[in-house]
Amino acid sequence: MSEYGRVARPEPCVMELVSKLAREPWTDRPTCVHPTLSAAARAVHDHSSSAGRRALLPLAPRFIDTARPGLDLSARVVALCVSTALTTGELTGDENARLRKAHETALHLLTGEGAARWWMRFSWSEPFYRTFLATEQVAESIAVTARHANGDRDLKLRQLLKQCLAAHGALRPGAPTPS
């Protein structure tokens with residue numbers, strides 16, 4: 001049984017397992033994992049059932065050594081998660097506006113096309129986007145996707161997390177993916 005804070009539970013979350021595999025201090029935010037991927041994994045974990053959480057554990061080795069800079073890395077994961085959420089159906093007006101702006105920003109960062117967001121004209125940096133904006137956008141997108149996933153939520157969320165790994169380049173083409 002592992003202990004996280006003061007809550008004992010029988011198994012770690014996937015990010016805690018990554019921290020152990022990478023020989024880092026026990027945490028759900030290992031430094032060897034890209035912050036945007038880590039946010040996606042935590043959000044998927046939080047919205048999965050106990051069985052769904054256990055099914056995420058085989059993905060742990062794929063997250064190791066993904067922490068590298070680059071706007072495109074975060075933007076690809078944001079674009080994927082947001083576009084998935086936007087196709088789920090009913091969003092509140094605020095969610096719809098935030099997610100559309102997040103998608104627009106991610107696409108601008110990937111292609112250079114479209115209108116740049118106002119904050120991009122000021123002193124923001126790649127670490128700011130990777131560590132703060134992208135992580136929040138991914139977490140909200142996954143929460144929206146989970147809310148509308150119905151009975152196959154665990155499967156949809158696990159597949160989305162695998163797609164995030166692939167979009168980030170953490171899954172090598174042709175490499176077997178854990179089921």
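Okay, let's start at glutamate 95, which counts as buried, at 9% relative accessibility. Buried here means under 20% relative accessible area, exposed means over 50%, and partly exposed is in between, with a 1.4 Å probe and protein chains only.

Before I go on, the housekeeping. This is a predicted model, so local features need pLDDT of at least 70 and side-chain atom pairs count only at pLDDT 80 or more, while totals for chains, interfaces and linings use all residues. Residues are numbered from 1 along each chain as its sequence is written, and side-chain values use heavy atoms, with hydrogens and water left out.

So what does glutamate 95 pair with? It forms a salt bridge with arginine 147, and the closest N and O atoms are 2.8 Å apart. The cut-off for a salt bridge is a side-chain nitrogen of Lys or Arg within 4 Å of a carboxyl oxygen of Asp or Glu. This pair links distant parts of the chain, 52 residues apart: glutamate 95 is in helix α6 (residues 93-111) and arginine 147 is in helix α7 (residues 126-147). Helices are DSSP runs of H or I with at least four residues, numbered from the N terminus. Arginine 147 counts as partly exposed, at 44% relative accessibility.

In total, the search of the whole structure finds six salt bridges. Another one joins glutamate 126 and arginine 130, with 2.7 Å between the closest N and O atoms. Why about one helical turn between these two? Because glutamate 126 and arginine 130 are four residues apart in helix α7. Glutamate 126 counts as buried at 16% relative accessibility, and arginine 130 does too, at 17%.

Then there's aspartate 152 with lysine 156, where the closest N and O atoms are 3.7 Å apart. Aspartate 152 is partly exposed at 33%, and lysine 156 is partly exposed at 36%.

Now over to helix α2, residues 35-46. Its twelve residues reach 16 Å from first C-alpha to last, close to the 16 Å expected at 1.5 Å a residue; that expected span is 1.5 Å times one less than the number of residues. Ten of the twelve are buried, so α2 is largely enclosed by the rest of the structure. Those buried residues pack against α1 (14-21), α3 (50-56), α4 (60-63), α5 (71-86), α7 and α8 (153-168).

For α2 against α8, the angle is about 175° and the axes are 10 Å apart. Axes are lines fitted to C-alpha atoms, for helices over the stretch in contact, and angles run from 0 to 180 degrees between N-to-C directions. That makes α2 and α8 roughly antiparallel, the label for anything over 145 degrees. Leu37, Ala40, Ala41 and Val44 of α2 meet residues of α8 including Leu157, Leu161 and His168.

Leaving aside neighbours within four places in sequence, valine 14 is in contact (heavy atoms within 4.5 Å) with Ala41 and Phe63, among others.

Definitions and conventions
Parallel < 35°, antiparallel > 145°, perpendicular 65-115°, else oblique.
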